[in-house]
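Please look through the structure below before reading the numbered points.

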Amino acid sequence: MLKINQLHKSYAIGDSSLHVLKGIDLSVDKGEMVAIMGSSGSGKSTLLNIIGMLDEADSGDYILDELPIKDLTEKKAAVYRNRFLGFIFQSFNLINYKTAVENVALPLYYQGMKRKERHELAMFHLGKVGLADWAKHLPKELSGGQKQRVAIARALAANPKLLLADEPTGALDTKTSHEIMEFIQSLNDEGKTILMVTHEEDIANMCKRIVRLRDGVIMEDKRVEQIRAEQYV
Amino acid sequence: MFDLDLWREIFQSINMNRTRSLLSGFTVAFAILLFTVLFAIANGLQNTFSEAFVDEAANSIFIKSGRTTKAHKGLQAGRRIQFKNEDFDYVKEEFGDKVEFITARIYKNVNATYKNEQSTYPLRAVHPDHQFLEKTLIQSGRYINQNDLDNNTKSVVIGRLVEEDLFIKKEALGKYINLNGIPYKVVGVFHDDGGDNEERIIYMPVTTAQRIYGNNDYINQINLTYNPEMDYDQALSFSTLLTKKLKNRFSIAKNDQRAVRVRNMAQGTKAISQMSFGLTIIILVIGFGTLIAGIVGISNIMIFIVKERTKEIGIRKALGASPKSIVSIILIESILITAIAGYIGLLIGVGVLELVGPSLEDYFIKDPGVSNSLVIGATATLIIAGAIAGYLPAKKASKIKPIIALRND
Ligand SMILES: Nc1ncnc2c1ncn2[C@@H]1O[C@H](COP(=O)(O)OP(=O)(O)O)[C@@H](O)[C@H]1O
Ligand SMILES: [Mg+2]
């Protein structure tokens, strides 16, 4: 599904430069559920953003579904993001003046899907996250957990190959976190490949594999026995 | 090209962010309102100027005489110059086809009576060409003709208001009017665009007046129009030559400015057209100034809007929005706000003019208004202005990097 080779990334800070990723090697197969862990500032988000084509690496190879991702034009990156990737963010990142269903339909709009069709599909995904009744509500009328569900429905709407989540439970309380994790696990059960950044051990243990970053390199990469979230719900 | 969904996106964004849309719209509406009113006022001023001259042909030359101020060729200063028929004939013969129309004028004031009505009017004794020089419009009957001149007929042509004053709703044509005790036949009634005073005048044949008032061949003034094919410089050199020849004829010193005075309307016309041109330039400068201020204003607000929407634009990009679609959203929003607000400003401006326009005539502003073509032009300008105003912000928006926009901190 995804193969990364000797990936480097540094940020310029004033005159000096901050070397964040110092040669990452990582490959993820279809159907995996991987947690990326590490202390704050260790480069987890940076790695996820590069995988998500929101940012570009300085050097190294990145192949996504047999497609080399290198020197993409903005236009091409937009198409790839739209077709291959679904994003879930810590702060939900819903558009505040759009209703739940309009938010979910947005990636479909950028696919060029007809209005009626995309509304139906968006409603279907909202139903899957259990929010069909909240379709006409604005984000500010939803709880944190509900917002994240809308965001997940949006990430799923375009049926991406890879789901990228940056601390999806970071802004939620424990109970809601577990509900969200339960849903994400069910997506993985259906075969969706998932990459998730987290710094919480219990969340990471709900994945099937944990990759630990430190000082810009992968310090540990191990498979774990997945802890099911439903037992806490 | 027409993408209903794109428009829906834009309308939603305008509608959901009404305050900022209103705010940015207000700048443009105000600029256009100002522009419309200024433009109309300038237009009104121009109308006033050009109106002041519709009365006389633009290629008129007036020749008057006075007393000499300088001794010349043994003749003393203070000598009175009196034009006579032979001088009129001289000018007519000497300059041939350089002269289009020519007439003499004798001025008198007469006491006119018809039945029980009476009043005093200025009288002008003229040649037939006078009709064309003064742009006199015959309403009924005819103007003074050559036959009148040849036979010294006691015919007069009276102004519309003379008829109104003396004949009180009755037809004057064919009736006899009494001028200082002598009856004259009214052979024509005229009207004139030059205002009320121009319609309270009585015309009679120049020869008749000479016979009745002093039995001489004196004339007060010679009016002519030069050949309209002459350009400004030719017209000026024509009047210079005319002056020179007349001074020669009456043995007047070259530098005597009073004995013979030749006034060429071309100079006035030129001054007016230069003034109009200057006014147009001022309008354009003011107009473009306000327009640019409006563009800069909306551009600033749009940049602010883009900044405010950075996160949203980042989200859209993460979801697969192409740079082009981001540019479209911002650009069309800018155009839409500019066009709608500008149009509102225009309508208010026109409304204000309708309301206060008539009362401005006292301030030399006549019929202030904006033409249809200006409205259409302004609309096109607004759309272009909106595009210019939106360009920078749109470019800025399309360059937003999604990671920067989506950073949590
Ligand atoms: N755009 C940027 N410019 C400069 N420094 C950055 C930028 N993005 C991240 N960094 C720095 O790179 C390091 C790694 O950041 P990040 O990947 O967000 O860490 P994590 O997600 O693991 O907390 C941090 O020190 C952060 O300050
Ligand atoms: Mg992070």
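**Note on the predicted model**

1. Strand S2 (16-28) and helix H1 (44-51) of chain A each supply at least two residues of the shell around ligand 1. Helices (H or I, at least four residues) and strands (E, at least two) are DSSP runs, numbered from the N terminus. H1(A) gives the most to this shell, with 3 residues.

2. This is a predicted model, in which local features need pLDDT of at least 70 and side-chain atom pairs count only at pLDDT 80 or more, while totals for chains, interfaces and linings use all residues. Residues are numbered from 1 along each chain as its sequence is written, chains are lettered from A and ligands numbered from 1 in the order in which they are written, and side-chain values use heavy atoms, with hydrogens and water left out.

3. Ligand 1 lies between chains A and B. The residues around ligand 1 (one of their heavy atoms lies within 4 Å of it) include A:Tyr11, A:Leu18, A:Val20 and B:Arg407. By class, the shell has 3 nonpolar, 7 polar and 2 charged residues. Here Ala, Val, Leu, Ile, Met, Phe, Trp, Tyr, Cys and Pro count as nonpolar, Asp, Glu, Lys and Arg as charged, and the others, Gly among them, as polar.

4. Chain A has 7 helices and 10 strands. Of its 233 residues, 54% count as buried, that is, under 20% relative accessible area (1.4 Å probe, protein chains only). Among contacts (heavy atoms within 4.5 Å) in chain A between residues at least 6 apart in sequence, 69% join residues at least 24 apart.

5. In helix H3 (residues 85-95) of chain B, the buried residues include B:Asp87, B:Phe88, B:Tyr90, B:Val91 and B:Phe95. They lie on the same side of H3(B) because they cover an arc of only 160° around the axis, taken from the directions from the helix axis to the C-beta atoms. Among the elements that cover them are strand S3 (99-114) and helix H8 (232-249) of chain B. H3(B) is followed by B:Gly96, whose phi is positive, near 50°.

Conventions. Buried means under 20% relative accessible area, exposed over 50%, partly exposed in between (1.4 Å probe, protein chains only).
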